[in-house]
Amino acid sequence: MTLEEELRIDEEENRREAEFIREQLPTDIKEHFSEEDLLYIIDTIVDYYYNSGVLESSDEEVDIDLEQVANYVCSQAKKDKQGNFLPEEMFFVVQADLDFQEQNV
């Protein structure tokens, strides 16, 4: 598989994940996140997992603090000038992202 094909497949998967997340969000929160926001958030969540060492755990079941992930994403988004998100709303996005990951393992 070429790099271009891999990138295209990753992009399609990210869009599918963003659509799944949007469907899981409460109606009043859904409108606060564009597709671009969700794609940024997905990347930032992955960044958190890599930098926190969560992925390096040898335990079969890893305990993920969704509030901590939501706070990290909000902090990074503000730092990267991607938006000012509320941690309470971001929690739902992070939870939906985790649900997507668990269903697609």
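Begin by selecting Glu-89, which lies in helix H5 (helices are DSSP runs of H or I with at least four residues, numbered from the N terminus). The model is a predicted one, in which local features need pLDDT of at least 70, side-chain atom pairs count only at pLDDT 80 or more, and totals for chains, interfaces and linings use all residues. Residues are numbered from 1 along each chain as its sequence is written, and side-chain values use heavy atoms, with hydrogens and water left out.

Is Glu-89 buried or exposed? Glu-89 is buried (under 20% relative accessible area, with exposed meaning over 50% and partly exposed in between, for a 1.4 Å probe and protein chains only). Glu-89 has no salt bridge (a side-chain nitrogen of Lys or Arg within 4 Å of a carboxyl oxygen of Asp or Glu), and Arg-22, the nearest side chain of opposite charge, is 11 Å away.

Now move to helix H1, residues 3–24, and select its buried residues, which are Glu-17, Ala-18, Phe-20 and Ile-21. Seen down the axis of H1, these residues fall within an arc of 160° (taken from the directions from the helix axis to the C-beta atoms), so they line one face of the helix. On the other side of H1, Glu-4, Glu-19 and Glu-23 are exposed.

Finally, select Glu-12 and Arg-8, which form a salt bridge whose closest N and O atoms are 2.9 Å apart.

Methods:
Helix = DSSP H or I, 4+ residues; strand = E, 2+ residues; numbered from the N terminus. Expected span 1.5 Å × (residues − 1). Lys, Arg positive; Asp, Glu negative; His and termini not counted.
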